[in-house]
Amino acid sequence: MAAVAVPTFATAATPNPPAWTTPTAPYHLVGPIWYVGTQGLAAYLVRTRDGAILLDATMAENVAAVTRNIRATGVPLHRVKLLLVSHAHFDHAGGDAAMVHATGAAVVAGAGDVAALESGIPPGETSYGVIRFPPVRVARAVRDGDRVTLGGTTLTAIATPGHTPGCTSWTMRVVDHGRPLRVIFPCSVSVAGNRLIGNRRYPTIVADLRTSIARLAREPADVVLPFHPEQADVRARAAEHRLIAPSLLPALMRTAGEDFERELTRQREEAR
Ligand SMILES: [Zn+2]
(Lines give C-alpha, C1' and ligand atoms only; values in the text may rest on other atoms or scores of the structure.)
Protein backbone atom coordinates (compact mmCIF):
# COMPACT_ATOMS: atom_id res chain seq x y z
CA MET A 1 0.00 0.00 0.00
CA ALA A 2 1.33 3.47 -0.87
CA ALA A 3 2.15 5.65 2.12
CA VAL A 4 -0.14 8.42 0.88
CA ALA A 5 -3.18 6.11 1.12
CA VAL A 6 -2.61 5.50 4.82
CA PRO A 7 -4.97 7.42 7.15
CA THR A 8 -3.51 9.45 9.99
CA PHE A 9 -3.89 6.76 12.62
CA ALA A 10 -3.85 3.60 10.55
CA THR A 11 -4.10 0.29 12.30
CA ALA A 12 -2.07 -2.78 11.44
CA ALA A 13 -3.47 -5.26 8.94
CA THR A 14 -3.49 -7.87 11.69
CA PRO A 15 -5.23 -6.84 14.91
CA ASN A 16 -3.03 -5.99 17.88
CA PRO A 17 -2.81 -8.64 20.63
CA PRO A 18 -5.63 -7.91 23.15
CA ALA A 19 -3.08 -8.07 26.00
CA TRP A 20 -1.51 -4.86 24.68
CA THR A 21 -4.53 -2.86 25.85
CA THR A 22 -5.59 -4.99 28.84
CA PRO A 23 -5.02 -3.05 32.07
CA THR A 24 -3.26 -4.70 34.98
CA ALA A 25 -2.43 -3.50 38.49
CA PRO A 26 1.09 -2.16 39.04
CA TYR A 27 3.61 -4.32 40.85
CA HIS A 28 7.05 -3.92 42.35
CA LEU A 29 10.10 -5.33 40.54
CA VAL A 30 13.48 -4.54 42.12
CA GLY A 31 14.90 -1.55 44.01
CA PRO A 32 13.01 1.60 42.96
CA ILE A 33 11.51 0.01 39.83
CA TRP A 34 7.77 -0.70 39.36
CA TYR A 35 5.79 -2.22 36.51
CA VAL A 36 3.07 0.24 35.47
CA GLY A 37 2.23 -0.97 31.94
CA THR A 38 -0.62 -3.04 30.56
CA GLN A 39 -0.58 -6.83 30.45
CA GLY A 40 1.25 -6.97 27.14
CA LEU A 41 3.19 -3.70 26.88
CA ALA A 42 5.65 -2.62 29.53
CA ALA A 43 5.97 0.79 31.11
CA TYR A 44 8.52 0.92 33.92
CA LEU A 45 8.54 3.55 36.68
CA VAL A 46 11.77 4.39 38.51
CA ARG A 47 11.12 6.32 41.70
CA THR A 48 13.78 8.77 42.92
CA ARG A 49 13.90 11.29 45.75
CA ASP A 50 13.23 14.10 43.25
CA GLY A 51 10.37 12.52 41.32
CA ALA A 52 10.11 9.61 38.93
CA ILE A 53 11.40 8.44 35.56
CA LEU A 54 9.01 6.59 33.24
CA LEU A 55 10.33 4.24 30.58
CA ASP A 56 7.80 4.08 27.69
CA ALA A 57 4.17 5.22 27.82
CA THR A 58 3.02 2.38 25.48
CA MET A 59 0.01 2.99 23.19
CA ALA A 60 -2.07 6.18 23.12
CA GLU A 61 -5.16 4.30 24.31
CA ASN A 62 -3.24 2.98 27.35
CA VAL A 63 -2.32 6.32 28.88
CA ALA A 64 -5.32 6.37 31.25
CA ALA A 65 -4.40 2.89 32.55
CA VAL A 66 -0.70 3.73 32.87
CA THR A 67 -1.32 7.04 34.67
CA ARG A 68 -3.73 5.23 37.04
CA ASN A 69 -0.95 2.73 37.78
CA ILE A 70 1.62 5.47 38.38
CA ARG A 71 -0.68 7.14 40.93
CA ALA A 72 -1.35 3.75 42.55
CA THR A 73 2.39 3.42 43.30
CA GLY A 74 2.13 6.67 45.28
CA VAL A 75 3.64 8.96 42.64
CA PRO A 76 1.52 12.01 41.71
CA LEU A 77 1.56 12.59 37.94
CA HIS A 78 3.35 15.94 38.17
CA ARG A 79 6.24 14.12 39.88
CA VAL A 80 7.01 12.15 36.69
CA LYS A 81 9.85 14.32 35.41
CA LEU A 82 11.36 12.26 32.59
CA LEU A 83 9.92 9.98 29.91
CA LEU A 84 12.59 7.73 28.42
CA VAL A 85 11.70 6.21 25.05
CA SER A 86 12.74 2.75 23.84
CA HIS A 87 11.85 3.36 20.18
CA ALA A 88 9.55 5.24 17.81
CA HIS A 89 6.79 2.69 17.15
CA PHE A 90 3.11 3.24 17.96
CA ASP A 91 2.94 0.40 20.51
CA HIS A 92 5.70 1.88 22.68
CA ALA A 93 5.67 5.62 21.93
CA GLY A 94 2.09 6.23 20.73
CA GLY A 95 1.14 7.37 24.24
CA ASP A 96 4.07 9.74 24.70
CA ALA A 97 2.24 12.93 23.66
CA ALA A 98 -0.69 12.26 26.02
CA MET A 99 1.69 11.21 28.80
CA VAL A 100 3.64 14.48 28.45
CA HIS A 101 0.33 16.34 28.56
CA ALA A 102 -0.68 14.49 31.76
CA THR A 103 2.67 14.77 33.58
CA GLY A 104 4.77 17.55 32.06
CA ALA A 105 7.64 15.05 31.73
CA ALA A 106 10.57 15.80 29.39
CA VAL A 107 11.03 13.22 26.63
CA VAL A 108 14.47 11.63 26.24
CA ALA A 109 15.06 9.43 23.18
CA GLY A 110 17.75 7.99 20.94
CA ALA A 111 19.00 10.57 18.43
CA GLY A 112 18.14 8.28 15.50
CA ASP A 113 14.44 8.23 16.43
CA VAL A 114 13.92 11.95 17.13
CA ALA A 115 12.61 12.80 13.65
CA ALA A 116 10.17 9.88 13.81
CA LEU A 117 8.90 10.85 17.27
CA GLU A 118 8.49 14.49 16.33
CA SER A 119 6.62 13.67 13.10
CA GLY A 120 4.65 10.66 14.32
CA ILE A 121 5.85 8.73 11.28
CA PRO A 122 7.85 5.60 12.17
CA PRO A 123 11.29 5.23 10.60
CA GLY A 124 12.36 2.64 8.02
CA GLU A 125 10.35 0.51 5.61
CA THR A 126 8.18 -2.37 6.73
CA SER A 127 5.93 -5.02 5.23
CA TYR A 128 2.93 -3.73 7.21
CA GLY A 129 2.95 -0.15 5.96
CA VAL A 130 3.08 3.02 8.02
CA ILE A 131 1.36 3.07 11.41
CA ARG A 132 1.42 6.67 12.52
CA PHE A 133 1.15 7.86 16.10
CA PRO A 134 0.65 11.24 17.83
CA PRO A 135 3.91 13.20 17.49
CA VAL A 136 5.78 14.37 20.58
CA ARG A 137 8.57 16.89 21.13
CA VAL A 138 11.87 15.40 22.24
CA ALA A 139 13.60 17.47 24.93
CA ARG A 140 16.87 15.55 24.80
CA ALA A 141 18.41 13.27 22.19
CA VAL A 142 20.85 10.68 23.54
CA ARG A 143 23.66 8.63 22.04
CA ASP A 144 25.49 5.57 23.26
CA GLY A 145 26.83 6.02 26.79
CA ASP A 146 24.86 9.19 27.56
CA ARG A 147 23.59 9.40 31.12
CA VAL A 148 20.27 10.64 32.41
CA THR A 149 20.11 11.53 36.09
CA LEU A 150 17.24 12.47 38.40
CA GLY A 151 17.28 12.55 42.19
CA GLY A 152 20.59 10.74 42.44
CA THR A 153 19.47 7.92 40.12
CA THR A 154 21.25 7.50 36.78
CA LEU A 155 20.20 5.56 33.70
CA THR A 156 22.70 5.05 30.89
CA ALA A 157 21.72 4.76 27.23
CA ILE A 158 22.98 1.80 25.22
CA ALA A 159 22.50 2.50 21.51
CA THR A 160 20.98 -0.66 20.01
CA PRO A 161 19.87 0.42 16.51
CA GLY A 162 18.24 -1.93 14.02
CA HIS A 163 14.62 -2.46 15.01
CA THR A 164 14.57 1.35 14.56
CA PRO A 165 17.60 3.62 13.95
CA GLY A 166 17.30 5.18 17.42
CA CYS A 167 16.29 2.06 19.34
CA THR A 168 17.76 2.63 22.80
CA SER A 169 18.30 0.17 25.63
CA TRP A 170 18.68 1.57 29.12
CA THR A 171 20.68 0.32 32.06
CA MET A 172 20.89 1.24 35.74
CA ARG A 173 22.29 -0.06 38.98
CA VAL A 174 19.97 -0.78 41.88
CA VAL A 175 20.35 -2.21 45.36
CA ASP A 176 17.70 -4.73 46.23
CA HIS A 177 17.62 -6.23 49.72
CA GLY A 178 21.23 -5.09 50.12
CA ARG A 179 22.31 -6.73 46.87
CA PRO A 180 23.75 -4.56 44.05
CA LEU A 181 22.21 -5.45 40.70
CA ARG A 182 22.60 -4.25 37.11
CA VAL A 183 19.24 -3.89 35.41
CA ILE A 184 18.83 -3.70 31.62
CA PHE A 185 15.76 -2.53 29.75
CA PRO A 186 16.60 -3.91 26.27
CA CYS A 187 15.08 -2.26 23.20
CA SER A 188 13.45 -4.61 20.68
CA VAL A 189 15.87 -6.44 18.39
CA SER A 190 13.24 -8.30 16.36
CA VAL A 191 12.93 -7.84 12.58
CA ALA A 192 9.15 -7.50 13.03
CA GLY A 193 8.24 -6.71 9.43
CA ASN A 194 11.26 -4.48 8.79
CA ARG A 195 12.55 -4.66 5.22
CA LEU A 196 16.10 -6.03 5.45
CA ILE A 197 16.89 -6.04 1.71
CA GLY A 198 16.86 -2.77 -0.22
CA ASN A 199 15.57 -0.68 2.70
CA ARG A 200 16.29 2.75 1.22
CA ARG A 201 15.16 4.68 4.30
CA TYR A 202 17.44 2.57 6.52
CA PRO A 203 20.27 1.08 4.42
CA THR A 204 22.40 -0.07 7.41
CA ILE A 205 19.60 -2.05 9.06
CA VAL A 206 21.20 -5.51 8.65
CA ALA A 207 24.58 -4.55 10.11
CA ASP A 208 22.90 -2.55 12.89
CA LEU A 209 20.66 -5.42 14.00
CA ARG A 210 23.55 -7.88 14.01
CA THR A 211 25.76 -5.51 16.00
CA SER A 212 23.03 -4.69 18.52
CA ILE A 213 22.14 -8.34 19.16
CA ALA A 214 25.84 -9.15 19.70
CA ARG A 215 26.27 -6.10 21.92
CA LEU A 216 23.32 -6.95 24.18
CA ALA A 217 24.50 -10.57 24.41
CA ARG A 218 27.73 -9.26 25.98
CA GLU A 219 26.14 -6.79 28.40
CA PRO A 220 26.12 -8.00 31.99
CA ALA A 221 22.52 -7.99 33.23
CA ASP A 222 21.31 -9.39 36.54
CA VAL A 223 17.74 -8.35 35.75
CA VAL A 224 16.23 -8.07 32.24
CA LEU A 225 13.12 -5.91 31.77
CA PRO A 226 12.03 -5.85 28.11
CA PHE A 227 9.25 -3.69 26.68
CA HIS A 228 7.35 -6.77 25.54
CA PRO A 229 7.22 -8.25 29.06
CA GLU A 230 6.34 -11.81 28.07
CA GLN A 231 9.77 -12.13 26.41
CA ALA A 232 11.29 -12.35 29.89
CA ASP A 233 8.21 -13.59 31.77
CA VAL A 234 8.39 -10.43 33.85
CA ARG A 235 5.14 -10.96 35.76
CA ALA A 236 5.83 -14.59 36.70
CA ARG A 237 9.46 -13.89 37.60
CA ALA A 238 8.41 -10.99 39.84
CA ALA A 239 5.73 -13.07 41.56
CA GLU A 240 8.09 -16.00 42.07
CA HIS A 241 11.14 -13.88 43.05
CA ARG A 242 13.05 -15.07 39.97
CA LEU A 243 13.88 -11.67 38.48
CA ILE A 244 17.60 -12.10 39.10
CA ALA A 245 18.70 -14.17 36.09
CA PRO A 246 22.19 -13.31 34.76
CA SER A 247 22.01 -15.89 31.93
CA LEU A 248 18.68 -14.59 30.58
CA LEU A 249 19.89 -11.75 28.32
CA PRO A 250 22.49 -13.89 26.45
CA ALA A 251 19.84 -16.61 26.00
CA LEU A 252 17.31 -14.10 24.63
CA MET A 253 19.93 -12.70 22.25
CA ARG A 254 20.89 -16.19 21.03
CA THR A 255 17.26 -16.76 20.02
CA ALA A 256 17.00 -13.24 18.55
CA GLY A 257 20.15 -13.84 16.49
CA GLU A 258 18.79 -17.10 15.11
CA ASP A 259 15.42 -15.49 14.29
CA PHE A 260 17.22 -12.61 12.58
CA GLU A 261 19.45 -14.83 10.37
CA ARG A 262 16.47 -17.01 9.41
CA GLU A 263 14.39 -13.96 8.44
CA LEU A 264 17.35 -12.47 6.52
CA THR A 265 17.70 -15.70 4.51
CA ARG A 266 13.95 -15.72 3.83
CA GLN A 267 13.94 -12.11 2.62
CA ARG A 268 17.04 -12.71 0.46
CA GLU A 269 15.33 -15.64 -1.26
CA GLU A 270 12.15 -13.62 -1.68
CA ALA A 271 14.11 -10.75 -3.28
CA ARG A 272 15.88 -13.04 -5.75
ZN1 LIG B 1 8.79 -1.86 17.61
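A residue is called buried if 20 or more other C-beta atoms lie within 10 Å of its own, exposed if 12 or fewer do, and partly exposed in between, with C-beta atoms placed from the backbone. By this rule, buried residues make up 46% of the 272 residues in the protein. The structure is a predicted model: local features need pLDDT of at least 70, side-chain atom pairs count only at pLDDT 80 or more, and totals for chains, interfaces and linings use all residues. Residues are numbered from 1 along each chain as its sequence is written.

The overall dimensions were computed next. Along its principal axes, the C-alpha trace spans about 55 × 40 × 35 Å. The radius of gyration is taken over C-alpha atoms, and the globule rule is 2.2 Å times the number of residues to the power 0.38. With 272 residues, a compact globule would have a radius near 19 Å; the protein has 18 Å, which agrees. Two residues are in contact if their C-beta atoms, placed from the backbone, lie within 7 Å. Among contacts with a separation of 6 or more, 66% involve residues 24 or more positions apart.

The protein has 7 helices and 12 strands. Helices (H or I, at least four residues) and strands (E, at least two) are DSSP runs, numbered from the N terminus. Two strands pair if DSSP finds at least two bridges between them.

S1 and S2 (residues 33-35) run antiparallel, joined by 2 bridges. Here Tyr27 stands opposite Tyr35. S2 also pairs with S3 in the antiparallel sense, over 3 bridges, and Ile33 faces Val46 across the pair. In S3 (residues 44-48), 4 of the 5 residues are buried, so the strand is largely enclosed by the rest of the structure. A hairpin of 2 residues leads from S3 to S4. These two strands are antiparallel, with 5 bridges.

A second open sheet, also mixed, holds 5 strands in the order S8-S9-S10-S11-S12. Its edges are S8 (147-150) and S12 (223-224). S10 (residues 168-176) and S11 (residues 179-185) pair antiparallel over 7 bridges.
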